[in-house]
Amino acid sequence: MSPSQLARDDPPALAAHGVEKTFLIPEEQTHTLKERALHPLRPTRHETFHALRGISFAVAPGEFFGIVGRNGSGKSTLLKCLAGIYRADRGQIWVNGRLSTFIELGVGFNLDLAALDNVVLNGIMLGLSPREARARYESVIEFAELEEFADLKLKNYSSGMHVRLAFSVAIQVDADILLIDEVLAVGDAAFQQKCFDVFNRMRDEGRTIVFVTHDMSAVNRFCHRAMLLERGRIVELGDPHEVADRYMELNFERARSRQGGSGSPRPSRRPQGRIGDGAAWVSDAWLGDEQAEEQTVAHHGEALTLKALVTFASDVEDPGVSLTIENDQRQAIVCATSERAREHTGRFVAGEQAVFAFSFHNVLAPGRYFPVFTVTRRGSGVLDRYEREFSFVVTASDAAGGLVEVPVQVRVTRAADVEERVRA
Amino acid sequence: MSVETLPEPLGQPIRGPSALAGDWRRFWYLTFTIARSEFKLKFFGSMLGYLWQLMRPLLLFGVLYVVFSLVVKTGGSAHHFPAVLLSGIVLYSFFTEATSGAVTSVVGREDLVRKIQFPRLVIPLSVVLTAMFNLALNLVAVAVFLTLQGVHPRVTWLEIPLLLFVLAVLATGVSMLLSSLYVRFRDVQPIWDVISQMLFYGSPILIPFEKVRSLHGGVLGVSWAHLYMLNPLAVVLEQWRHAVIDPTAPSAAQAIGGWPELMIPLGLVVGLFVLGFWVFNRSAPLIAERL
C-alpha cells in the first residue's frame with residue numbers, strides 16, 4: 001500500500017490546516033525600562049514578516065515527508081510550529097502519536113558533565129523517563145562507539161564524538177513521528193550515511209518522518225512525498241522528483257533575476273562589452289525546444305537541447321556557431337561546433353535571424369552548467385561570444401561522482417578462466 | 001498546488017508552547033534532572049566543591065558577627081544572636097540564590113527554549129529547586145551550629161517545614177515573575193540586585209526585631225514595626241526565631257499586632273505567586289520568539 005493511499009484511509013500522523021505565522025520585528029528593540037519610561041508615547045514600530053501564509057497539508061502514517069525551500073521560505077518556522085516551539089497565529093495542527101523533534105542534536109548537553117548525565121538529561125528532553133534513559137545508556141554508548149570515553153567530561157570530547165553521542169541518544173527515542181531539521185548537515189560523509197541508514201530503518205519500521213532540508217538528493221532518495229515552500233506558501237506538493245526540480249528552478253530564477261535578465265525583454269541591439277566584431281551576435285539562448293518556456297532543469301539521461309538565436313548585423317558568408325558547456329568551476333565539459341558539420345551554413349544577410357540548435361544525450365553529472373556560444377566567420381575569427389548569461393541545472397537520482405555520467409557496463413572475468421582460454 | 005481537504009478533528013491538537021504542558025511527569029522529570037545536574041556541577045565543579053557553597057554564608061556570618069557583636073554591639077544584646085544571625089543568613093541566601101538565579105534563567109537557557117518543546121515553567125522552577133538542595137545542606141550546618149549554641153529541639157520545630165514552604169512559595173512566585181519580565185526588560189536584573197540588598201537590611205537578620213519595635217513614629221498611624229513586618233521575609237525569619245531558637249522572642253503574629261494583620265504579608269506571598277504565574281503563563285507562548 002502506497003503512502004498516498006494510506007492518506008485517504010487512515011487518520012494522518014500529522015496534519016496542518018491553514019497555519020499562519022507572523023513575526024513582529026521591532027525596528028529598534030527596547031530592552032530596558034528606562035527607554036520605555038523616557039519615551040512612553042512613542043509607538044514601537046514593527047515590521048511584520050509573514051513567515052507562513054496558510055499552510056495546509058497532511059502526512060500519512062509511515063510516510064517520509066520532505067519539506068524543502070530556500071532560506072527564509074518558512075520551512076524552519078513551520079517545523080517549529082509543528083513541534084510546538086512556536087505558537088501558530090492561525091490555523092490548526094493535529095498529531096496522532098508521540099512526536100519528537102530534532103532541530104539540533106544534543107539539546108541541553110552540558111559540557112562540564114560526563115556522558116551518563118548528559119544522556120539522561122538529553123533523553124528526558126526528548127521524552128524518555130529518567131529510568132528509560134538510564135536503561136538505554138549502555139546501548140547509546142555502544143552505538144556511539146564511545147566506550148573508552150564514557151567517563152570523560154563532554155568538554156574533552158572532539159566535535160565528532162559529541163555529535164555521535166548526541167545522535168545515539170536521539171535515535172533511542174520511541175517517537176512515532178519524528179521532525180528532523182537538517183541535523184544531517186553535521187558530521188562527515190560516513191556519519192551522514194549512518195544517519196540515513198537509521199532514518200531508513202525507522203521508515204521501514206513504519207515511523208513517520210518529516211524532514212526539512214536543502215539537500216535535493218536526499219529528498220529524491222528517501223522521501224515518499226515532498227513539499228516546496230516559498231515565501232510562506234506551498235508552491236508544490238507531491239512527487240519528490242518534481243518538487244526537487246521545482247526547487248532547482250526557483251533557486252535559478254532568483255539567480256537570474258539578480259542579474260536582471262529574467263523579466264527584461266530580449267535585447268534588440270548587441271550588448272556592450274562582448275568579444276567579437278559584432279557582424280553577428282547571439283541575442284538569446286535557452287534550454288529546451290521552446291524559447292518562451294524558460295526551462296532551467298535538464299534531467300540526466302534524457303535528450304538535451306540548447307539553442308542560440310543569432311542575429312546578423314551585416315552580411316555573413318558561412319558563419320559557424322560553437323557551444324562549450326562549462327561547469328561551475330569553469331571547466332569545459334562538452335564542446336561542439338557547427339563548423340565540423342559537412343554542409344556549409346550558407347549566406348546570411350543583414351537583419352536576418354537564425355536558430356542554432358545543439359542536441360545530445362544528457363550525460364552531465366548533476367550540477368549547474370553554463371553554456372558558452374561563440375559565433376565565428378569561417379576561417380576569420382570571432383564575431384561574438386555569449387558567455388555565462390544563463391545557466392541550467394542537471395538533476396539525477398543517482399550519481400557516481402565523475403564530471404560526466406555515462407552508462408558503463410562492468411563485467412568480471414576470473415583470472416583462472418583467462419588462463420584456461422590462453423591454454424586452449 | 002494541491003491542498004488536501006481535511007476532515008476534522010484529526011488527532012491531538014498542537015497548541016504551541018505554554019508554561020505548563022499536559023504531562024506532569026515529564027514536567028517533574030525535567031525540573032528535577034536540570035536542578036540535579038546544576039547542583040552536581042556546583043558540588044563537583046571545583047576541588048572543594050560543596051565547601052564553597054557553605055563558606056559563603058559562613059564567611060558572611062563571621063564578618064557580620066565580629067562587626068556587630070564585638071565592634072558596633074547592636075545585636076549582641078539579643079538572646080542567641082549568633083544562631084539568629086546564621087539561620088537568617090542561610091534562609092536569606094536561599095531566597096536570593098533562587099530569585100537572582102531565576103532572573104536570567106529563561107534567557108540563559110535560550111538553547112532549550114528555541115529548540116525543544118517543553119513546559120517553560122521548568123526553567124525558573126529548576127533554579128528554585130537547585131537553591132532548595134543547597135538550603136537543605138546548609139540547614140544541616142545550621143542544625144549543628146544551633147546544637148553547639150545550646151539550642152535544643154522543641155515541639156515548635158514542627159513549624160520548620162511550614163516556614164520553609166512559605167519561603168519556597170515566595171521564592172517561586174518572585175522567580176516566575178522576574179524571569180518572564182527579564183525577557184523583555186533587561187534592567188530587571190540590576191533592579192532586583194538593589195531590592196534584594198534592601199531586603200537583607202529590611203529583614204530581622206542583623207538587626208533584631210526589638211530594635212525596630214523601639215522606634216517611635218510611623219507612617220499614617222501605622223507603626224514602623226508593623227510596616228516592617230509586612231515584608232514576608234521578615235515574617236518567616238521572625239517566626240523562625242520564635243519557633244526554632246528563642247521562644248521568648250515575639251512570634252510573627254505578635255510582632256505584626258495579631259493574626260488578622262498577619263494575613264496581609266501571607267496574602268502578599270500568595271498574591272506574588274499568583275501574579276508570577278499569571279505573568280509567566282501569559283508570556284510563555286512567545287518566549288521563544290522574543291529572545
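Seven bridges join strand E10 of chain A to strand E12 of chain A, residues 303–312, and the two run antiparallel. This is a predicted model. One of the pairs can be named: Ala280(A) has Phe312(A) in E12(A) as its bridge partner.

Now to the meeting of the chains. In this model, 34 residues of chain B are in contact with 45 residues of chain A. Four elements of chain B give two or more residues each to the side that touches chain A. They are listed here.

| Element of chain B | Residues |
|---|---|
| Strand E1 | 12–13 |
| Helix H1 | 24–44 |
| Helix H5 | 110–115 |
| Helix H14 | 287–290 |

Which element gives the most to this side of chain B? H1(B) does, with six residues. By residue type, the side of chain B that touches chain A divides into 17 nonpolar, eight polar and nine charged residues.

Two bridges join E1(B) to strand E4 of chain A, residues 90–95, and the strands run antiparallel. Within this pairing, Trp94(A) has Pro13(B) as its bridge partner.

Next comes the core. The largest nonpolar core has 178 residues. In soluble globular proteins, nonpolar side chains tend to be buried together. Which residues have the most contacts inside this core? They are Leu82(A) and Val210(A). Helix H3 of chain B, residues 81–103, supplies the largest share of the core, with 14 residues.

Look at Leu82(A) in detail. Leaving out residues up to four places away in sequence, Leu82(A) touches Leu14(A), Ala16(A), Ile93(A), Leu179(A) and Val210(A) in chain A. Leu82(A) also touches Ile14(B), in chain B.

Finally, chain B as a whole. Chain B holds 14 helices and three strands. Its C-alpha atoms fill a box of roughly 85 × 55 × 40 Å, taken along the principal axes. Of the 291 residues of chain B, 39% count as buried. Take the contacts in chain B between residues at least 6 apart in sequence: 81% of them join residues at least 24 apart.

Methods: Residues numbered from 1 in each chain as written. Chains lettered and ligands numbered in written order. Predicted model: local features only at pLDDT ≥ 70, side-chain atom pairs only at ≥ 80, totals over all residues. Pairing = 2+ DSSP bridges. Core = buried A, V, L, I, M, F, W, Y, C linked by C-beta atoms within 7 Å. Buried ≥ 20, exposed ≤ 12 C-beta atoms within 10 Å, placed from the backbone. Contact = placed C-beta atoms within 7 Å. Nonpolar A, V, L, I, M, F, W, Y, C, P; charged D, E, K, R; others polar.
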